[in-house]
Amino acid sequence: MRYLVIGDIHANLHALDAVLAAAQPIGFDHTLVLGDLVGYGAYPNEVIDRLHDLGSLSAVRGNHDKVAAGLEEPEEFTTVAREGAAWTASALTKAHKAFLTALPRGPVAISESLEICHGTPYDEDEYVLDSLDALRALRGCSRPRCFYAHTHVPAVYSLHSGALGYLETASNNALTLEPGITYLVNVGSVGQPRDGDPRAAFGLLDTDAGTVRVHRVPYDVAGAQAAIRAAGLPEPLAARLARGR
Ligand code: ZN
């Protein structure tokens, strides 16, 4: 089975379209969406429509999806994020809000050996920011392949006989996922990368080959920025896309 893995799209239609254009010729059977479909960007309804068009899809909700759907107050949000969330909530149609409301809390089991979550398997809102966080998250995994998002930074951690490992995700390398080892994988953010590389990030998991690959693809950053400004969203949300921070 080949999975397209995408997360933290954040209503960036330009980035999502570039990802789909890059992934579709390679091919995939099913899409895994790791939450934060909306928030920050100017195309919340259109991004949900695109995902709908993909058909075979499993998704979990992110913190921005919960706030946009009205399930949660943006208490932990910065002022800019709060303004973005208020704009998103007013821009979403009733049907798109209902779609976000129905998204399940992670972790969600995809198969016997694969699960997806937004933050960590033990708490959907927690961040994996360092190796201690990664160890705690790995110990919370119920399956040997766990994909997460939320930090907007690609990272692959492993746990084998109690020892934590870290795999480099750079330059579209195919990483081999060994049997008997638990992996915690972040394929980066589609719509708001924060690792200093402004290109959109996505993952391709091939469970037959036992590999995962983090891809980076350039997209129309200027177009996404122009849409954010035209929508009246806060300027920092446009500016940061060019820096990938
Ligand atoms: Zn996010």
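1. Overall size. This is a predicted model. The protein has 245 residues, and a compact globule of that length would have a radius of gyration near 18 Å. The protein has 17 Å, which agrees with the globule value. Along its principal axes, the C-alpha trace spans about 50 × 35 × 30 Å.

2. Buried residues make up 55% of the 245 residues. The accessible surface comes to about 10100 Å². Carbon and sulfur atoms account for 50% of that surface.

3. Next, look at contacts between residues at least 6 apart in sequence. Of these, 73% join residues at least 24 apart.

4. The zinc site. Which residues coordinate the zinc ion? They are Asp-8, His-10, Asp-36 and His-152. The aspartates use OD atoms and the histidines use NE2, at 2.2 to 2.3 Å. Find them in the sequence by their spacing, D-x1-H-x25-D-x115-H.

5. Geometry of the site. Why is the arrangement around the zinc ion called irregular? The angles subtended by the four donor atoms run from 86 to 177°.

6. Asp-8 sits in the loop between strand E1 (2-6) and helix H1 (13-26). Ala-11 lies in that loop between E1 and H1 too. Are the residues here buried or exposed? Asp-8 counts as buried because its relative accessibility is 0%. His-10 has 1% and is buried as well. Ala-11, with a relative accessible area of 1%, is also buried. The cut-off for buried is under 20%.

7. Most residues other than glycine have a negative phi. Asp-8 has a positive phi, near 45°. Ala-11 is not a glycine either, and its phi is positive at about 55°. Check both when you look at the loop. Recall that Asp-8 is also one of the zinc donors.

8. Strand E7 (residues 155-160) pairs with strand E8 (residues 163-167). The pairing is antiparallel and runs over five bridges. His-160 has Ala-163 in E8 as its bridge partner. How many residues lie between the strands of this hairpin? There are two, and Ser-161 takes a positive phi near 50°.

9. A cis peptide. Most peptide bonds are trans. The bond joining Gly-106 and Pro-107 is cis, with omega about 0°. Where is Pro-107? Pro-107 lies in the loop between helix H5 (94-102) and strand E4 (108-111).

10. Arg-240 is found in helix H8 (residues 235-243). Leaving aside residues up to four places away in sequence, Arg-240 touches Gln-192, Arg-194 and Arg-245. Now compare sequence distance with distance in space. Arg-240 and Gly-196 are 44 residues apart in sequence. Their C-alpha atoms are 9.8 Å apart in space.

Definitions and conventions. Residues are numbered from 1 along each chain as its sequence is written. This is a predicted model: local features need pLDDT of at least 70, side-chain atom pairs count only at pLDDT 80 or more; totals for chains, interfaces and linings use all residues. Side-chain values use heavy atoms; hydrogens and water are left out. Donors are N, O and S atoms within 2.8 Å of the metal (3.2 Å for Na, K and Ca); water is not among the atoms, so sites may look incomplete. Four donors count as tetrahedral if all angles lie between 85 and 135 degrees; four count as square planar and six as octahedral if opposite donors are over 155 degrees apart and all others between 65 and 115; anything else is irregular. Buried means under 20% relative accessible area, exposed over 50%, partly exposed in between (1.4 Å probe, protein chains only). The radius of gyration is taken over C-alpha atoms; the globule rule is 2.2 Å times the number of residues to the power 0.38. Contact means heavy atoms within 4.5 Å. Accessible areas come from the Shrake-Rupley method with a 1.4 Å probe; for residues, only the protein chains shown count as cover. Two strands pair if DSSP finds at least two bridges between them. Helices (H or I, at least four residues) and strands (E, at least two) are DSSP runs, numbered from the N terminus.
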